[in-house]
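Thanks for coming. I will go through one model this morning, starting with annotated spans and ending with single residues.

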Amino acid sequence: MPARSGTLARAVTGWAFALPFAALFLVFTAGPVVASLAMSVTDIRSADLLDPLGVNVVAFDNYARLFADPKFVQAAVNTAVFVVVGVPLTMALALLVALGLNSGLVRFRTLFRVGYYLPVVTSIVAISVVWRFLLQPDSGLFNELLGLVGIDGPSWLDDRPFALPTLIVMAAWRNLGFAMVIFLAGLQAIPKDLYEAATIDGARTLARLRYLTVPMLRPTMLFVAVITTIGYVQFFEEPFVMTQGGPLDSTLSLAYHTYNQFGFGNYGYASAMGYVLFVVVVLLSIAWFRLLRNTHEQ
Amino acid sequence: MSSDRIRSRDVVARVVLHVLLGLGLVAMVGPFVWMLLSSFKGEGEIRRVPMTWLPEDVTFANYGDLFERLDFPTYFTNSAVVAVVTTVGNLLFCSAAGYALAKLPFPGKRVLFGMVLGTIMVPSIVTIVPLFVLSSNLGLVNTLAGLILPFLAQAFGVFLMRQFIFSIPNDLLEAARIDGASELRIYWQVVLPLCKPALATLGILTFLASWNNFLWPLVAASTEDKYTLPVALALYAIGQNRTDYDLLLAGSVVVVLPVLVVFVLLQRHFVRGIATTGLK
């Protein structure tokens, strides 16, 4: 009897600690994840909030409509380009900076680390506002700098071929500090003896990088790749503030299109799009995992 | 002789590295410097070609406008209240739930932890529609509570705290139990003090994420008196004030500066905390 009441008491104690979180989590996170899936197979619209009985189950109609929606296809292509170009670009730049800072040849490392990390902590909205000014075709800093070397810079955000690449470069600028910090931690975790042994064996700098540093960094790369991909798949603030998805939808992203459809009151349709985005995030994470998992641990 | 050559190669490498990293640093920090300097310029000077770096006539009028023409004190207060309450809530609820998940036996524990893991990666756009419907049913749309509650206890925080508390030796907790300490006391006086590094990381990350959060406040705050700073700034930047450079630059400084100050002051904890979170 005392044993049983002891178990009960411990169960109650455990739940008492977990309850505030669990309640909020169920209501505001787990519940909506399920509800979103349920809504995505209905024709619910904003007007139905007052009349829930007007909602019909339409099975996979929303998903079928998505792929027939030219704006969705355009947004999917834009998001794919943003991720496929942006993630490797961000990671490559971050790795270069991290290798430089970790080389043992650089002074003022804290200054560099703080400086490169600065954009990560600041609001994307504020950054987008500032970059919009810097990218002004006639009075912006970029085109003035280009003018110094005789180049007549384009209208970065209004010319169709330049708008999305500009946003990609800006995203790399903003996010490389995060990846750099993680890479630095990963680099410092590689035992120094390995480098000494490789040097004694005659491995030159590039060989050490290719056969020692990169393989040892795989778990770190996996983490950075997954986190960066998840962030980039959802890109929204930059086009919202800088281009409103234009010119001609060339910077419309999946998250932005979802937001717009939500704004138009197409709740079922927006939920379906959100779920597609979710599935893409999961699939890409799995893809990174297969690509970068440690081959020795298979 | 060969060691001389190695040394001179080292010197060249040093110089090249410093120049390259230095140029990169200018590219990273330059936009912020330009933003801060230009926020003290008059409208005419901001638009001038060729552009200036240092303001010729320093003016604080742009900041005055934030108060007179817009309602920035309200947005600032909203942002601060939302970020502080969200941070305190996460520190408290996530550490308590993390303790339960790491050290206390209770039925449903594995299911709860599984759900936490399963939702860590869910993009916020996925839940935005049901969250809005829920909020409007609960009367939370366009209230500060509505901006706070969905983020008050987040899966990531529980995961972080659970992992950290898991590594605290059980003997320590058992010793306290044998001394007759209640679980609440163990949590408060043994576990939490040991969790300071994790709490610092979680607190900083949560505060930043909340201060910079955009999508949900954009959806959930419908009148100006409930706007947070990023929402107000974004809506001004794309609305009828879109060409008021003076106003928008001063507004950007107000959004960015508090965070930059906190970051530069705490940067050591910051970088260490983020690195350890990343490697776990």
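Before the first span, a word on helices: helices (H or I, at least four residues) and strands (E, at least two) are DSSP runs, numbered from the N terminus. What you see is a predicted model, where local features need pLDDT of at least 70, side-chain atom pairs count only at pLDDT 80 or more, and totals for chains, interfaces and linings use all residues. Residues are numbered from 1 along each chain as its sequence is written, chains are lettered from A and ligands numbered from 1 in the order in which they are written, and side-chain values use heavy atoms, with hydrogens and water left out.

Now the annotated spans. UniProt, in an unreviewed entry, gives "transmembrane region" for several stretches of chain A, including 12-35 and 272-292. UniProt positions are in the numbering used here, feature names are shortened, and annotations may be inferred rather than shown by experiment. In the model, residues 12-35 of chain A are 100% helix and 0% strand, with end C-alpha atoms 29 Å apart. Residues 272-292 of chain A are also 100% helix and 0% strand, and there the end C-alpha atoms are 30 Å apart. The unreviewed UniProt entry also lists "domain: ABC transmembrane type-1" for residues 76-288 of chain A. That span is 77% helix and 0% strand, and its end C-alpha atoms lie 19 Å apart.

Next, the inside. A nonpolar core here is a set of buried Ala, Val, Leu, Ile, Met, Phe, Trp, Tyr and Cys residues joined through side-chain atoms within 4.5 Å. Buried means under 20% relative accessible area, exposed over 50%, and partly exposed in between (1.4 Å probe, protein chains only). The largest nonpolar core has 182 residues, and among those touching the most other members are A:Y116, A:F183, B:Y99 and B:W216. Helix α7 of chain A, residues 160-188, gives the most to this core, with 15 residues.

Take B:Y99. Contact means heavy atoms within 4.5 Å. Setting aside neighbours within four places in sequence, B:Y99 is in contact with A:F17 in the other chain letter, and with B:L104, B:I165 and B:R177, among others.

Back to helix α7 of chain A, which also holds A:P161. Is A:P161 buried or exposed? A:P161 counts as exposed, because its relative accessibility is 61%. A:P161 and A:A35 are 126 residues apart in sequence and 39 Å apart in space, C-alpha to C-alpha.

Now one loop of chain A, between α11 (237-242) and α12 (254-263), where A:P247 lies. A cis peptide bond joins A:G246 and A:P247, with omega about -10°. A:Q244 is in this loop too, and has a positive phi of about 50° although it is not a glycine. A:D249, also in the loop between α11 and α12, has a positive phi near 65° and is likewise a residue other than glycine. A:Q244 counts as partly exposed, because its relative accessibility is 34%. A:D249 counts as partly exposed at 24%.

Last, chain B. B:T228 sits in the loop between α12 (215-220) and α13 (229-238) of chain B. B:T228 counts as buried, because its relative accessibility is 5%. Leaving aside neighbours within four places in sequence, B:T228 is in contact with B:Y75, B:N78, B:S79, B:L147 and B:P217. B:V261, in helix α14 of chain B, is partly exposed, with a relative accessible area of 45%.
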